[in-house]
Amino acid sequence: MWAYESVFYQIYPLGFCGAPFENDGVLEHRILKVNDWIPHIKKLGANAIYFSPVFESDTHGYNTRDYTKIDTRLGTNEDFATVCDNLHKEGIKVVLDGVFNHVGRGFWAFQDVLEKKWDSPYKDWFHISFDGNSNYNDGLWYEGWEGNYDLVKLNLRNEDVIQHIFAAIKGWVEEFDIDGLRLDVAYCLDHDFLRRLRSFCDSLKPDFFLVGETLHGDYNQWMNDSMLHSVTNYECYKGLYSSFNSMNMFEINHSLLRQFGPDNWTLYKGRHLLCFVDNHDVTRIASILTNEKHLPLIYGMLFGMPGIPCVYYGSEWGAKARKEEGDPALRACFDAPEWNDLSETISRLSEIKKNSEALNYGSFRSVLLTNRQCIFERKSEHERIYVAINADENSFHADFDAGCGTAQELITDTPHDFGGGTDLPGYSVAIWKMEH
């Protein structure tokens, strides 16, 4: 599967393009801005893009009005087809947000129900009671997602709903040649629907990638051979920044050993979770780390640990924004991409990750662990890699069994000798490819 050897770049298009929050119905060809960023995305080393919602919606994209039409604020279907074609020409895969748990109040079938009530042929597309009333005084009650009534829950047990969604996905493959879907709130989706979705997508296009948004619990409920290929690794998300902020490397290592360690009870051995240090829903990593010198180190951890790394647009140069400032702040519009030392580090990490069998498919083993330092091994059939992180400002002398005398340090592309122990400079990350 191509996704397991990829580095993802996430764009939230409505914010990225500077579209108004409310859908004003005015056609603007804003999505073409992505074309200008393709050289930057390539330079960063990302070879897959995950676009947050692009289809016609009421406001933020997750309240869909029409699954077949690119949002007017972003442009036309032809505009987006051009963007996808340009990305594909540069070897960049395209994954779209599949928002199938709910739709917006502006969704055409729901509008029909509001107008015709009992007489609407679409009344069974939703979870509706004509005995109650809604917050909007519709004269009917309906189920909203987690109490949000601008998000109208779809009935995924209704065959017409399923076929409508499948027809839309088929259209996206035919029109935009998309390579996969990220399923919004996958933890809410009906499991039978997920099985049918996997089977349908497998028939549409070989290696069509399905990744689901999950928070907590056993990810194997959704990620298995008959459902999703991957899920979002929120369990490690907190561990990543918290380990640096509290100077406690045991936290992230505990999660990684639980998920991927050498023991038989390990949860996700052989699976590939989508990993991130931030995204469109959480505080940007540069605003959450208390020490900015840890920024390159946390990306070293992200790219070194098991999983598929995903970089959120703007964070590659250290853009800041806090969740408390509201979602629009997290989903900013930047005039042009920036490039600095952090971007350069991520670019280097991307190339190392994409070209490493051990980082893409290898096992995980903790080699050395203190509060402020960690060294772990990623090992596959033909390759052995050690990732070493020193979160302390002071140099650290590490004694451990490397299993060999020398290695190539891949970030700086220099030879490394393990004789007499190894000194890790303050605030450093090293990736050693071990000589057999």
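This is a predicted model: local features need pLDDT of at least 70, side-chain atom pairs count only at pLDDT 80 or more; totals for chains, interfaces and linings use all residues.
Helix α7 covers residues 234-245 and helix α8 covers residues 250-260. The axes of these two helices lie 7 Å apart, and the angle at which the helices pack is about 155°. Angles over 145 degrees count as roughly antiparallel, and therefore α7 is described as roughly antiparallel to α8.

A look at the residues shows how the two helices meet. On the α7 side, the contact is made by Glu235, Cys236, Lys238, Gly239, Leu240, Ser242 and Ser243. Their counterparts in α8 are Glu251, Ile252, Ser255, Leu256, Arg258 and Gln259. Sorted by class, the contact of α7 with α8 holds 4 nonpolar, 5 polar and 4 charged residues.

The next element to trace is an open sheet of 8 strands with parallel pairing. Read across the sheet, the strands come in the order β13-β12-β11-β5-β2-β1-β15-β14. Strands β13 (230-231) and β14 (274-276) stand at the edges; each has a single partner strand, so one side of each is left without a neighbour in the sheet. Strand β11 (residues 180-183) pairs with strand β12 (residues 209-212) in the parallel sense, over 4 bridges. Here Leu181 stands opposite Leu210 in β12.

Helix α2, made of residues 33-44, lies across β1 (8-11), β2 (48-51) and β15 (308-312). Relative to β1, helix α2 runs at about 150°.

Strand β10 (residues 148-153) is joined to β6 by 3 bridges, and the two run antiparallel. Along this pairing, His102 stands opposite Lys153 in β10.

Finally, the whole chain can be viewed by domain. The protein is divided into domain 1 (2-104 + 114-124 + 155-360), domain 2 (105-113 + 125-154) and domain 3 (362-434). How far apart are the centres of domain 2 and domain 3? Taken over C-alpha atoms, these centres are separated by 55 Å.

Technical notes. Residues are numbered from 1 along each chain as its sequence is written. Side-chain values use heavy atoms; hydrogens and water are left out. Domain bounds come from an automatic or database domain assignment. Axes are lines fitted to C-alpha atoms, for helices over the stretch in contact, and angles run from 0 to 180 degrees between N-to-C directions. Angles under 35 degrees count as roughly parallel, over 145 as roughly antiparallel, 65 to 115 as roughly perpendicular and the rest as oblique. Contact means heavy atoms within 4.5 Å. Ala, Val, Leu, Ile, Met, Phe, Trp, Tyr, Cys and Pro count as nonpolar, Asp, Glu, Lys and Arg as charged, and the others, Gly among them, as polar. Two strands pair if DSSP finds at least two bridges between them.
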